[in-house]
Amino acid sequence: MSDNDPVAAFRIEAGELLESVERALLDLTEDAGNRALIDEVFRGLHTLKGSGSMFGFDALAGFTHHCETAFDRVRKGQAAASRGLIDVVLSALDYMQSLLDAGSDADAALVAAGDGILAALASAVSDAPAAAAPTPAVAKGWQVRFRLPPEAMVTGSNPLGLLDELRDLGDCTVTCRFEDVPALADLDPTECHAVWEVTLAGDISREDIEDVFVFVIDDMELEITSLAPEPSAGVAETAAAPTEAPRAAARQTAPAQESVRVQAERLDELMNRVGELVIAQSRLELIAAAGTIDAMTLRAVSEDIQRLSAELRDTSMALRMMPVSNLFGRFRRLIHDLAHETGKTIELVTEGEATEVDKTVIERLADPMIHVIRNSCDHGLEPADERAPAGKPAAGRIVLSARQAGGEVLIAIQDDGRGINRARVRAKAEAQGLIAPGATIGDGELLQMIFAPGFSTAAAITNLSGRGVGMDVVKRSIEALRGTIEIESIEGTGTTITLHLPLTLAIIECMLVRVGEGRYAIPLSAVEECLELPAAEVAGTSRRNFLDVRGDLVPYLRLRDSFASDHPADLYQKVVIVGQGRGRVGLVVDQIIGNTQTVIKSLSRFHGGVGAFSGATILGDGNVALILDVAALIGGAQKAQRARSERPAETAGEAA
Amino acid sequence: MSDNTITLPDRMLTFGLGGEFFAIDAQCVREILEVPPITRVPGAPAFADGLVNVRGAIVPLADLAVVFGMALTAHAEDTRVIVIEAEIEGEPTTIGILADKVLDVATMDGVPIDAPPPVGMKWRPEFIRGIAHHAGRFIILPDLARIFTDCVDQIHRNGAALLPS
């Protein structure tokens with residue numbers, strides 16, 4: 001995809017349009033009949049149709065036209081924005097997205113799928129008789145007074161064009177008022193300061209006049225008063241436009257996933273740093289060109305470059321950060337659909353949406369979070385008739401919250417449902433052989449059982465969840481992001497699942513170790529402690545690879561053997577104990593070199609599948625070091641441990 | 001019995017490896033480096049078990065001598081890493097390949113090319129697109145895309161070879 005590809009740019013823009021239309025539709029479900037929202041949906045569809053046909057997406061433009069027509073009827077009050085209509089248009093949006101993905105080569109099957117939606121659309125519009133439709137207000141004439149936002153001309157609105165359109169409606173007199181034009185010294189000629197008063201005569205409806213302003217109405221002041229006395233309506237209309245403006249602005253914050261929107265000030269900051277770096281570089285050049293090298297000046301430049309590169313690192317990291325509102329916004333639609341499918345009333349509350357997380361984390365969080373939210377809605381929240389006896393409000397509540405704590409971001413998904421039934425988890429875990437029957441097990445450990453592969457306590461498999469795939473995948477996805485999951489659940493009151501995620505993926509603190517001749521990096525967040533390998537274990541004769549760490553048995557792995565190193569072993573071998581979640585494993589290394597900041601680079605296809613490494617990094621001396629994949633090593637060690645513990649049982653069975 | 005169905009790119013980079021001569025499309029060559037420090041990747045197949053730092057990018061290092069079953073020679077003064085751009089399973093990848101000696105960039109227009117003989121070869125015929133006669137030498141035209149894909153397949157088949165089981 002080239003940067004200048006207009007079709008690609010259109011796809012991104014269209015994706016954003018669809019998102020904003022979807023948001024407006026969802027708002028409309030909560031605030032039925034809100035005129036500003038209906039207009040926003042209409043404008044979004046209209047723009048999509050226009051630019052779609054401009055870029056050759058004819059199928060999309062044609063389809064969008066029908067939706068636009070339907071919403072035009074709603075605007076004109078000929079149909080109501082009923083729940084049914086909104087659901088149809090929501091599914092139409094999904095269909096438009098697939099048309100957008102298919103591009104110009106939309107096949108017959110896809111087009112046929114659209115006809116079904118159109119049929120539903122037609123019936124939804126006609127089914128909903130315009131009960132609430134106001135009779136178009138027709139008067140002898142209108143007094144229209146409008147003021148455009150100061151930046152209107154910069155953004156491409158043309159007041160003359162608007163006036164021409166008004167003129168087309170009927171006879172009119174235009175007065176321009178200059179009271180607000182500042183003194184010449186303060187005048188910015190690119191801003192629009194004039195206020196226009198237009199007297200329109202003739203048989204014109206209020207809607208016709210508003211149509212003229214439909215694309216600028218959000219930010220402008222518009223007063224339409226009837227020349228003939230018309231009670232109340234005029235006042236209500238004027239109030240709507242100004243309050244709508246900030247809401248519309250707030251809604252435009254969700255960027256497309258393919259591209260990153262960066263705040264201009266962050267880019268400026270980056271440019272400043274680069275500028276300073278160029279200056280430092282030319283100073284360095286001067287030093288190099290001088291016959292003798294002055295150690296003092298060189299050191300000064302070196303210090304400057306060190307400071308600059310640290311700042312550059314921080315600023316470029318900030319470019320990758322995105323607010324979680326991008327992520328949370330997507331779940332509104334999910335909750336809407338889930339409420340529909342389960343027949344429950346679900347209320348979504350979001351908190352801490354401004355919390356910023358690395359872009360990659362946000363992208364990779366969507367799927368696991370969808371799963372957790374589905375679980376909460378399906379299993380967690382009770383049907384309304386069960387909630388009332390428990391003294392809970394009929395509407396179930398899902399709270400998504402995000403906050404930063406140290407180097408971590410905590411994202412919590414909380415429901416006020418029935419909570420996790422310990423007895424059922426236990427019974428299921430025993431049935432699956434995850435724990436021995438009757439074994440004592442901590443509450444936290446018991447709850448972690450739901451992350452075991454194939455685990456599901458749902459009595460019946462529903463469309464939403466309960467197939468037993470999922471929570472283990474969720475856990476793995478979170479661990480792949482070097483995060484952890486925590487569950488709190490109170491039976492009868494609700495469940496909170498908290499995801500602990502690192503702030504960024506690109507740079508991590510690592511412990512550098514040496515195994516044979518190779519140097520390897522271990523993410524410091526996973527390192528629990530370092531000890532010396534006891535002399536009894538060094539010989540490596542004993543078959544059992546367990547260490548006694550203050551009473552806990554910790555399996556260990558001789559990395560020298562795993563990595564087939566033929567370099568002579570150091571006399572004193574060290575054990576680095578790494579842990580993630582509940583698993584722990586000791587890694588036997590030759591030497592612990594120290595801590596280092598590493599920039600993670602992913603491995604190519606040649607080495608991504610080797611399994612023990614999550615990436616590689618470049619060390620200070622320019623050499624490459626591999627980063628150990630702690631989760632994979634622990635998982636492997638646990639599997640080996642389970643296999644070992646099962647083997648004696650089998651032989652015992654055979655003997656009997 | 002020349003088989004001229006293979007159209008060669010305009011310019012080919014020729015290099016020596018394990019006593020044989022090879023030629024690859026010069027267009028996909030990004031740069032040629034002296035051998036940098038190599039980091040071994042435990043558990044990776046011998047053909048591509050190294051990583052090198054090429055201007056801040058971490059690049060896998062492949063040794064064609066392993067693919068063609070040649071004796072591995074110690075790195076000498078003339079040994080070079082040829083950094084090439086290739087597509088592996090549709091993903092553009094930068095790869096370094098080792099050469100005992102880089103010879104030159106040659107135009108091989110109209111050079112007779114033999115199909116790899118089905119018998120009498122010590123290496124796998126599917127890895128060779130043909131053998132060219134050029135400047136009094138037999139020059140092997142390796143099918144790099146095929147070799148790399150095969151290597152990646154092999155890794156996927158072996159799975160996570162390093163994890164304890």
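How many residues does the contact take from chain B and from chain A? It takes 28 residues from chain B and 27 from chain A, where two residues are in contact if their C-beta atoms, placed from the backbone, lie within 7 Å. This is a predicted model, in which local features need pLDDT of at least 70 and side-chain atom pairs count only at pLDDT 80 or more, while totals for chains, interfaces and linings use all residues. Residues are numbered from 1 along each chain as its sequence is written, and chains are lettered from A and ligands numbered from 1 in the order in which they are written.

**The side of chain B that touches chain A**

- Five elements of chain B, namely β4, β5, β6, β8 (91-99) and α2 (144-158), each supply at least two residues of this side; helices (H or I, at least four residues) and strands (E, at least two) are DSSP runs, numbered from the N terminus.
- The most comes from α2(B), with 4 residues.
- By type, this side of chain B has 18 nonpolar, 7 polar and 3 charged residues; Ala, Val, Leu, Ile, Met, Phe, Trp, Tyr, Cys and Pro count as nonpolar, Asp, Glu, Lys and Arg as charged, and the others, Gly among them, as polar.

**The sheet of chain B**

- Chain B holds an open, mixed sheet of 6 strands, ordered β3-β7-β8-β6-β5-β4; two strands pair if DSSP finds at least two bridges between them.
- At the edges stand β3 (29-34) and β4 (39-40) of chain B, each with a single partner strand, so one side of each has no neighbour in the sheet.
- Further in, β5 (residues 50-54) and β6 (residues 57-62) of chain B are antiparallel partners over 5 bridges.
- B:V54 has B:A57 in β6(B) as its bridge partner.

**A helix pair in chain A**

- In chain A, α11 (residues 325-342) packs on α12 (residues 359-380) at an angle of about 30 degrees, with the axes 10 Å apart; axes are lines fitted to C-alpha atoms, for helices over the stretch in contact, and angles run from 0 to 180 degrees between N-to-C directions.
- That makes α11(A) roughly parallel to α12(A), a label for angles under 35 degrees.
- Residues of α11(A) including A:L327, A:F331 and A:L334 meet a group in α12(A) that includes A:I362, A:L365 and A:I370.
- The contact of α11(A) with α12(A) comprises 10 nonpolar, 2 polar and 3 charged residues.

**Chain A overall**

- Chain A has 20 helices and 21 strands.

Definitions and conventions:
Angles under 35 degrees count as roughly parallel, over 145 as roughly antiparallel, 65 to 115 as roughly perpendicular and the rest as oblique.
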